[in-house]
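Reader: Can you walk me through this one? I'd like to start with the strands.
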There are 2 protein chains.
Amino acid sequence: MKDLTDIPAMMDEIGRKARAAAAELAFAPAEAKRRALEAAADALAARTDAVIEANAQDLAYGRDKGLSPAMMDRLTLDAGRIAAICDGLRTVAAQDDPIGATIAEWDMPSGLHIRRVRTPLGVVGVIYESRPNVTADAGALCLKSGNAVILRGGSESFHSSAAIHDCLVEGLRAASLPEDAIQRVPTRDRAAVSEMLGMVDLIDVIVPRGGKGLVGLVQREARVPVFAHLEGIVHIYVDAAADPVKTLDVVLNAKTRRTGICGAAECLLIHRDALDTIGQGVVRALVDAGVEVRGDAELQQIEGVVPASEDDWGHEYLDMILAARVVDDIDGAIAHIRRYGSNHTDCILTEDDAAAERFFTRLDSAILMRNASTQFADGGEFGMGAEIGIATGKMHARGPVGAEQLTSFKYLVTGEGSVRR
Amino acid sequence: MKDLTDIPAMMDEIGRKARAAAAELAFAPAEAKRRALEAAADALAARTDAVIEANAQDLAYGRDKGLSPAMMDRLTLDAGRIAAICDGLRTVAAQDDPIGATIAEWDMPSGLHIRRVRTPLGVVGVIYESRPNVTADAGALCLKSGNAVILRGGSESFHSSAAIHDCLVEGLRAASLPEDAIQRVPTRDRAAVSEMLGMVDLIDVIVPRGGKGLVGLVQREARVPVFAHLEGIVHIYVDAAADPVKTLDVVLNAKTRRTGICGAAECLLIHRDALDTIGQGVVRALVDAGVEVRGDAELQQIEGVVPASEDDWGHEYLDMILAARVVDDIDGAIAHIRRYGSNHTDCILTEDDAAAERFFTRLDSAILMRNASTQFADGGEFGMGAEIGIATGKMHARGPVGAEQLTSFKYLVTGEGSVRR
């Protein structure tokens, strides 16, 4: 049993064990990793009742803490949700193994043959809030990519995460992989988070999953590299050459399908020349759909539009609210997005290839879209099977982060007694 | 004229200008960047005398400071060396432009077409010591990869770097690219370095070029990500199944061709079964070539071998000195390299494919070699044309860092009014 009162010592021990497990995992056969994930899914399916019981403890704790209904819902596990977690584990199990794959290879005139092959990053730290399923998702993706992982879940999902974690460890055991490959921080003490953020020698990357408060804290305090996005301030620009039907479909979907996800639209920019032909109809449809549209002076002419203040530009609502303004041209839209955007996902609606090209080359969001809903900003919709999060940084990982982006590489060079002149 | 007394304000201004230039450079045509580098080479060739004059000032300063003959040599520019710098600029100019290239593209059942295209990182900070040619090399690679760069050269090469920098700016001007794309810190004040290391919002990555003192300082203090290697503790392992001729050629070349580069061998590991057949001859040849071989108890039996102490394992000599020891088997060699190596470059000499495979999968150095001299650890020898340095970290860049690894990417997604269900 770990000494839970000496957090630095406990985290150091967890980190060292993770480092040791990572060294083994780096050359673990693809088949063993696949088997471990299948066995974990089997274990979780078999223990559904026990996991629901553990979840009941968390729900009682949550009620005592007065969690909001939305948070209580996120925290709740039932047989259907547990079956979905099992499916997720099996999906990752079935994916191609990224490790050891040759990314590029070539010959040099010196006689050298050079191969660039994919390797794990090492140890990943995942810090998350209430959703217990992240335990399984993050654990599975890290194992698939040959990384050891240290999971630090929210205090609300403490018992549920522990029960799911037990199943992951059972899977590792069944496949004769090191049990320390997937470790869980066994305390609610927040000092463990601070500790993780400074473990530069034992953790290679931290992935925070949760609200702006958590992500901001991690980005500010971490000395370990971080894959994350702070906010998804998603813009949709309706160009002069936009198609009316596509525009209506895409804007409504981007705002209203689910308002709480990071790919939901937060700001609508309308080219002056498209205002009468398309813009007004789209804004009316949004108002009719129950969206609070906060518009600039011009858009306030439309019934139901309320005035926007300066604070509305660059604001992430995650709600049925949308900021909206008219721009003089595409460069006005680009300038607005550069100033207020968060480099997450931004979209242009246009039939004009030159306008789309200008938008694509002059902006540097992780995801740029044309005539498609920004709600597609998701690892599953990108064909990655699963994602550990979406990153807006420019170093290493960007956009939806799946198993492949949790990897590094090394060069394998072969000669025939080759010497350098 | 900048106020050289208020370093934080000056660096902030330089950083902001770099950020603005980077936004332009991100979509600068490949042809403009090529033309700028050609024009810079022309300007440098035309101003050879002026650069030699500036260099004379630096040489006088270096003599006053009592620089070692080796450092004075590194600092010296003559017509031949300037011509070589011009050639380097033209080589980078002629390389393929990495920016905008499609790295991968695919279609999704939802109707989306997804493209992953290469983008610049943004702003690169280069901190280097005496060699004035780094000004041209680093400036050229950053421009090629669409990055703005802030160059902070060593105080010894202050005037030479300024003269070379002038030529780079002339090239930018000739191609109508923003002059702030390549900026130089116009002071010897060390406070500028500390300032750069903390400019997380204005610099995306720092590349230190120089000795262990400089690189260690940067790695310890920087809050900005760093591409670097602290040391090249390069191991060569002579396996039981090594070929005698290849082994002799490769070991001698790896140690003696140039002792001062990071790919020079620093430690020789010999499989017990190869000791009498190959090991002794190789060690004798090293001693005959003037190498001080510091051996373990067994190797001390060979004439001329001096005793190694514990400090010799994991030591970077950059000199005609080599640590050497006998290991029981390949796993002994792997364990030694894991314990004492620096994840830079390590080599196995063997004709046994299974042994090579074990070495390649169980070690995670940035470069692993088989039957080839470790002195090939170089961007030019890898076919990259030029390198800004060699990185041993696992995030983003690894091994020789050329123009391509100074890039990031973004996703360009196209639909036909596609909405998410």
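Author: A definition before that: two strands pair if DSSP finds at least two bridges between them. Strands (E, at least two residues) and helices (H or I, at least four residues) are DSSP runs, numbered from the N terminus.

Reader: Ground rules on the model and numbering?
Author: This is a predicted model, so local features need pLDDT of at least 70 and side-chain atom pairs count only at pLDDT 80 or more, while totals for chains, interfaces and linings use all residues. Residues are numbered from 1 along each chain as its sequence is written, chains are lettered from A and ligands numbered from 1 in the order in which they are written, and side-chain values use heavy atoms, with hydrogens and water left out.

Reader: OK. Which residue stands opposite R370(B)?
Author: T414(A) does, with R370(B) lying in β13(B). The strand from the other chain is β16 of chain A (residues 407–418), and it pairs with β13(B) in the parallel sense over five bridges.

Reader: And which strand of chain B pairs with β13(B)?
Author: β12 of chain B (residues 345–349), in the parallel sense over four bridges. There, D346(B) stands opposite L368(B).

Reader: Is β13(B) buried or exposed?
Author: Six of its six residues (367–372) are buried, so β13(B) is largely enclosed by the rest of the structure. Buried is under 20% relative accessible area, exposed over 50%, partly exposed in between, with a 1.4 Å probe and protein chains only.

Reader: Last topic, α3(A). Which residues are buried there?
Author: T48(A), V51(A), A54(A), N55(A), D58(A), L59(A) and G62(A). Seen down the helix axis, the buried residues fall within an arc of 155°, so they line one face of α3(A). That arc is taken from the directions from the helix axis to the C-beta atoms.

Reader: What's on the other side?
Author: D49(A), E53(A), R63(A) and D64(A), which are exposed.
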